[in-house]
Protein chains: 8
Amino acid sequence: MNPKITIFVGSDSDLPVIVETTKTLEEFGIPFQLNIASAHRTPNRVRDLVKKAEKNGTKVIIACAGMSAALPGVIAAETTLPVIGVPMEGKNLAGLDSLLSIVQMPGGIPVATVSMGKSGALNAAILAAEIIGLSDPSLRKKLAEHKKKLALSVINKDVKLSKVGIKSYLESLKK
Amino acid sequence: MNPKITIFVGSDSDLPVIVETTKTLEEFGIPFQLNIASAHRTPNRVRDLVKKAEKNGTKVIIACAGMSAALPGVIAAETTLPVIGVPMEGKNLAGLDSLLSIVQMPGGIPVATVSMGKSGALNAAILAAEIIGLSDPSLRKKLAEHKKKLALSVINKDVKLSKVGIKSYLESLKK
Amino acid sequence: MNPKITIFVGSDSDLPVIVETTKTLEEFGIPFQLNIASAHRTPNRVRDLVKKAEKNGTKVIIACAGMSAALPGVIAAETTLPVIGVPMEGKNLAGLDSLLSIVQMPGGIPVATVSMGKSGALNAAILAAEIIGLSDPSLRKKLAEHKKKLALSVINKDVKLSKVGIKSYLESLKK
Amino acid sequence: MNPKITIFVGSDSDLPVIVETTKTLEEFGIPFQLNIASAHRTPNRVRDLVKKAEKNGTKVIIACAGMSAALPGVIAAETTLPVIGVPMEGKNLAGLDSLLSIVQMPGGIPVATVSMGKSGALNAAILAAEIIGLSDPSLRKKLAEHKKKLALSVINKDVKLSKVGIKSYLESLKK
Amino acid sequence: MNPKITIFVGSDSDLPVIVETTKTLEEFGIPFQLNIASAHRTPNRVRDLVKKAEKNGTKVIIACAGMSAALPGVIAAETTLPVIGVPMEGKNLAGLDSLLSIVQMPGGIPVATVSMGKSGALNAAILAAEIIGLSDPSLRKKLAEHKKKLALSVINKDVKLSKVGIKSYLESLKK
Amino acid sequence: MNPKITIFVGSDSDLPVIVETTKTLEEFGIPFQLNIASAHRTPNRVRDLVKKAEKNGTKVIIACAGMSAALPGVIAAETTLPVIGVPMEGKNLAGLDSLLSIVQMPGGIPVATVSMGKSGALNAAILAAEIIGLSDPSLRKKLAEHKKKLALSVINKDVKLSKVGIKSYLESLKK
Amino acid sequence: MNPKITIFVGSDSDLPVIVETTKTLEEFGIPFQLNIASAHRTPNRVRDLVKKAEKNGTKVIIACAGMSAALPGVIAAETTLPVIGVPMEGKNLAGLDSLLSIVQMPGGIPVATVSMGKSGALNAAILAAEIIGLSDPSLRKKLAEHKKKLALSVINKDVKLSKVGIKSYLESLKK
Amino acid sequence: MNPKITIFVGSDSDLPVIVETTKTLEEFGIPFQLNIASAHRTPNRVRDLVKKAEKNGTKVIIACAGMSAALPGVIAAETTLPVIGVPMEGKNLAGLDSLLSIVQMPGGIPVATVSMGKSGALNAAILAAEIIGLSDPSLRKKLAEHKKKLALSVINKDVKLSKVGIKSYLESLKK
């Protein structure tokens, strides 16, 4: 099946983070394509893969990069498909390098930036599903159910806490 | 005509920025609705307007806020429509307050964050158009043309510069 | 006994921090209610719990959240009870995301922000006790005693240091 | 009438900011005392004024300071009354100096920190009113009305915007 | 004469800064080519111009950009010529966006980053001259003389100050 | 009379700031020498002037610099006299460049860093006076009087405020 | 023997850092007094100890604190002795809280701030020795020797590196 | 063989980082000289070694330093050879101290700053090779091959990922 989403990571060291995206897309049953390609090391291949993605019916591109994270912006420069950027955590500069490199795009070439690291990788999948869901009622329904499950999970934890108290709850967290 | 995009600003002091969004949407011929509503001052109204937006066929929500910029996230909590967040510039804290408040959403509730201030307001419109364009070929064509015009404008400036030289060009900028 | 303080955490991962609050409130004998509820995942439940807190006689609300920490502000939007916000430490962005999201509230809707992490969780309890103590002389006395004990503990350490010297003191710290 | 609130500013250059506090307290009819006193230049006087405030029936202390803003913390060290800290904007270091100096108090000695500058000065008054309102039903009613008025003001702006459109609204902002 | 240096600015709004580069190169008699080209708006043209620069004998490329400043890195991805990056000042985020976007390049694709704004534009020219000077003894001599003049200018100011005193010197600065 | 203090500024653009130092030293009657010398532009001259300062009886060196502010550290590397560093305000990077460059000296080579800009320039003079005062009882007495005057000035403002009220005081500030 | 230096730490958790100060002072044979005292928890004791320090002949005060690090400034407010501030490392906010709280003192009340953590604790001792050395030629000679030894240690490492090569040197570092 | 590149590290603790530079230079067959020398601890030796480097035919100087990283700038002050600066990671202040100290050089004295830590150490070698390659066609060819290999390595990973899928790839990363 043709991918609806094409994901780019700048390096294979980003895979343990982007797996949050792929797992969530699988849960939603959204076909995707995953590529390792670097804006700085393989610029031609990035362009080729973007063109290929446009042709194979990709609706949304997700790009994940660290440090001077040019990948999402470089992709956005090549397409009019919506591009979602996921900033990688870094051990230096408080992670501001990847966040600011991705979000501060000049007028005309947007990147839809989500939160840093694993939360962002998960949110990239949800955001992509929300976009595709605009013309796919069954997907939109799944999103509504996912949102309810998310809420329910919080409520269940709250109910458990009110039952067992914070001391027992803390014990159970350690296990 | 029913709005395809609903825009929220947290305060009327954000209007001189968000006008970049509305002008661009008008250029693309995308109908929109614009509201002033505050996550902290009118929380109920925000919820009502989001529900109303869902009902009137809104496809994308754009929310613009400053300081502890809860508005985009609070809207995202209420809907499975894609929500785009525009951080307002602030005179304190280097603007990090609105950017980080908007972008750092927890897993499950994404906000598509764009750049700060006027560039971001413009990009919110483009991003929304890209999303709507996924099921509207004529809009997608307009986006491609807009992208070409943007490129052409840079090229024309480059050509002018090579003709007149930097000294004359700088003179013309002052005029 | 009706709670005088209602505590909200955005996620059960905040419990190991907020336990500093609950332990301190227990020391002061102040009844409290503890809830897990998320501004972004369970917005309705947050509102309901705030209304319930107002009805059950809660005097002060404490809210603890990380990242784009909307919870304290969203609660403050729903009540005229004093709301204390505790920013959670995060591994990214030097923790500025939760601090700035909580403290930079717009005019009219204050959140009383305390320090980040465990110190803040402890201080939220003290601040709540100071507020309740305004109409509870016996609690205010306990606060004065707590303050004296805190001072005494520092003085005792100083006396010990002057007796044993820094070398032995450092040894004793390691044990 | 005895002051219910004692306000400290570290310098008379803070008065144009703190006037937001005094105006709001006057609106609420809460008697207050305003002092200029510096943690670094008049430490004894700060102590004396805090002791005097405790004796004259002050319920809440508000302290406003810039740069290495020790004033709120130094006051908190001397009293078990709730202390609200207002960080002054500075032209250097993005204002982080006053914010971090005020908010990052060690365990046991809280300062209730509000937002930076004029918003914070206004919020300090509201927060103080919320605290005093806990034992003053008529004040609490005023707070609820103030909150409604705040909401109404946003809604009225929204209604006006929907009537006149953004172009006319922007014109009216310039006037 | 063939250019030894090719300069790229991302926008014509960068010209008032980059003029520091061109004036300095003219002083040193180094022929250069100046282009407006944007990594995000005209990615193909950037590549073409880099290839052209390589062919026309360019030794060093200077690239100047603001915000999510991908231009220097995108150029470095296309060439093995040394690339010097000049971060533009921005009014938001303390300028960290352009600095971090330019300097934090991944291993293998360096950008030689200089200081922000006009100082950096001047230094880009000097650095380029130092590089070209390695195989051009007369240029290297000019650099040594420039360095002496720079020192002499400081010394002359010091001599003037010791003669006229700070009061008169300050007066002369105002003129 | 031989200077007790030698002051270095990295550029004559720092003179409007350092005049706070010279005026204060004059008030205390402490003879000083003022030099313009740059760590990066006139490194030899800096060394010579430091050696000269050591010989002419200088007790304390004050150095003021901006951006990559190497001057205080480079001086500290050449002498065992106490060196006070004053970070200049900058319009970029929130001023963190000069502050961090000056304060973060490696073990063994301290620079006594004071606050940024005019406050720091004043404080450099006071700190130098405190150091020299250790062996000059009359100077130490002047410092105590200065401290009292500083306190008195705050107290007088407080007295004035309590007399005229904030409204009139604010009017008087504008004049 | 009377202490020439009085050291304050805000908490016994600072002792593993301040031991760098005490070890260095012992090497220089400078008698010192070490106290645990907190600006926020034991404000009276801090004042008393400062007065005591002034009477017992202390020449320089060193104060070390973390977070909202008011201790050095509060001490400086009470004395005209030179006060050296050592910012403690913190795990949050990149350590900016303690650094900015200590260094950004208002005009008239300087704190001589040194680098963060262990380097700063060592440098506080050296700076104190430099100050005391102004009237103690034998101490000044020791400082000069210490500086030479520091240089020699670097040179010896450089000689070793040139002999064994980086590979063997790296091996020896691991041992 | 005479070194073409002279490398300076400020401390032997920087050797585990700079080894990325030396390994890469060895790969390219570029002779280099490696020195430990400190701007603050051995300023004379730094000068001597720079003069020696100029005489022995060094083309490019690489300097690596942490904290208040004056070394690259101090070297740049002594020579008209291109100087490359590598900021060391630090555990405090998010690493901004070394980055800003190195990059923010005043007009006239550039330092070519590369990324922080190991990526930067690698990039310093590549940048130096690019500079030397300007007059050494065989080196330039090696750089082009290196760039191709870098691209090929990314492409091979992408091919592997498309073959084995993310699950197996993640397993292989752990091994």
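**Where chain D meets chain C**

Across the interface of chain D and chain C there are two salt bridges, a salt bridge being a side-chain nitrogen of Lys or Arg within 4 Å of a carboxyl oxygen of Asp or Glu. One of them is formed by D:Arg140 with C:Glu54, whose closest N and O atoms are 3.8 Å apart. This is a predicted model, in which local features need pLDDT of at least 70 and side-chain atom pairs count only at pLDDT 80 or more, while totals for chains, interfaces and linings use all residues. Residues are numbered from 1 along each chain as its sequence is written, chains are lettered from A in the order in which they are written, and side-chain values use heavy atoms, with hydrogens and water left out.

On the side of chain D that touches chain C, at least two residues each come from helix 4 (96-103), strand 5 (112-113), helix 5 (118-133) and helix 6 (137-174), where helices (H or I, at least four residues) and strands (E, at least two) are DSSP runs numbered from the N terminus. Helix 5 of chain D gives the most to this side, with seven residues.

The contact (heavy atoms within 4.5 Å) takes 42 residues from chain D and 42 residues from chain C. The area buried between chain D and chain C, which is the accessible area (1.4 Å probe) lost on putting the two together, summed over both, is about 3300 Å², and carbon and sulfur atoms give 63% of this area.

Elsewhere, chain E and chain G do not touch, their nearest C-alpha atoms being 16 Å apart.
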